[in-house]
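Here is a friendly tour for anyone who likes to think in distances and areas. Take a look at the fold, and then we can walk through it together.

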Amino acid sequence: MAERVRGVVIHRPIIYGNSAYPLTTAERNPSIPSDHTHRWTVAVRSPVTTNEKSDIVGGADDLGYFIKRVTFRLHETYPQPNRNIDKSPFEVTETGWGEFDISIRILFISESGEKTLTLQHHLKLHPWVVPDLAAHPGQDPALIIPPVTQPPPEPVHSWQYDEIVFTDPLKPFLDILMAHPPTQWPKMKRRAIPPNPAHPDSLAPPAQRGAPEFTQVIERDEAERLDAAKRKLVEEAERLRAALIEKEKELARLRKEVEA
Ligand code: SLL
């Protein structure tokens, strides 16, 4: 058995998720069941997009140098729901009508000596409904009920960024990883719309949205949003603590009154 290189931690960024496109009339043919509404692709990819014009999210690097097989477990309404993909691109394209959970099992090359990794992705076909903040000034966005009008069909991109971390890797595996450095992040936002639907830019009209792209800017924006959310939580905790102290004082006062 190969030696482990102690004290070394090496990671490889990935994205996993799906893009979905409403089926057009032109695309329909007798082999596609008539109740199917979308064509979708679920995939495990490298995060960086090949070029700014590409409609495909991520995929600049072939992950086959460290991934041997990806098994996508689809809903049992699909024939042979376990789909084994043994080379890049690690993806499955299907048509269908419904959203469901897909389990994604990643088997690393045998040199790695690593256990398989299983991820979950909820196949997303329908766009997120963004609450109309302007029409409800001052209201908690989570409490705004969107109108029931159907949005026009549009592509949906639902992708999760992650980093696969290898601790104390086997020497031969470490050598393979080192020989394949991931493509560098684009520094700038090349496309207007980030993949996070919670981001204010995603309020842009559908025509201005495109396939999202993961960049350094997104990472920084996300970190800033997380910081702001943390500050808000601390403030809220402080406020609740103060209220609790007040209530406890009142309780003590009432107890005394009852005793008296
Ligand atoms: C739902 N729980 O009810 C989910 C199930 C199943 C989706 C969704 C394809 C089926 C076929 C398909 O879209 N299955 O192969 O015709 O929404």
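Which residues are buried in helix H1 (residues 171-178)?

## The buried side of H1

They are Phe173, Leu174 and Leu177. These residues lie on the same side of H1, because they cover an arc of only 100° around the axis. Strand E1 (9-22) and strand E8 (156-167) are included in what covers the buried residues of H1.

Please keep in mind, here and below, that you are looking at a predicted model.

## The chain as a whole

Stepping back, the protein chain contains two helices and eight strands. Read from the N terminus, its elements follow the order β-β-β-β-β-β-β-β-α-α. The chain has 260 residues, and 35% of them are buried.

Consider next the contacts in the chain with a separation of 6 or more: 67% of these are between residues 24 or more positions apart.

## Asparagine 18 in strand E1

Strand E1 came up as part of the cover over H1, and asparagine 18 is found in that strand. Is asparagine 18 buried or exposed? Its relative accessibility is 0%, so asparagine 18 counts as buried.

What does the side chain of asparagine 18 reach? The backbone oxygen of lysine 124 is 2.8 Å away from it. The asparagine 18 side chain also has a polar contact of 2.7 Å with the side chain of histidine 121. Leaving out residues up to four places away in sequence, asparagine 18 touches a set of residues including Trp40, Thr41, Val42, His122, Leu123, Val156 and Trp159.

## Around the ligand

The residues surrounding the ligand are His36, His75, Thr77, Tyr78, Gly96, Trp97, Gly98, Glu99 and Phe100. Sorted by class, this shell has three nonpolar, five polar and one charged residues.

For threonine 77, a polar side-chain atom is 2.9 Å from a nitrogen atom of the ligand. Tyrosine 78 has a side-chain N or O atom 3.3 Å from an oxygen atom of the ligand. On its own, the ligand has 460 Å² of accessible area, and the protein covers 69% of it.

Terms used:
Residues numbered from 1 in each chain as written. Predicted model: local features only at pLDDT ≥ 70, side-chain atom pairs only at ≥ 80, totals over all residues. Heavy atoms only, no water. Near = heavy atom within 4 Å. Polar contact = N/O pair within 3.5 Å; in protein donor to acceptor, adjacent residues only side chain to side chain. Areas by Shrake-Rupley, 256 points an atom, 1.4 Å probe, with all protein chains shown as cover. Nonpolar A, V, L, I, M, F, W, Y, C, P; charged D, E, K, R; others polar. Buried < 20%, exposed > 50% of the residue type's maximum accessible area, 1.4 Å probe, protein only. Helix = DSSP H or I, 4+ residues; strand = E, 2+ residues; numbered from the N terminus. Arc of directions from axis to C-beta. Contact = heavy atoms within 4.5 Å.
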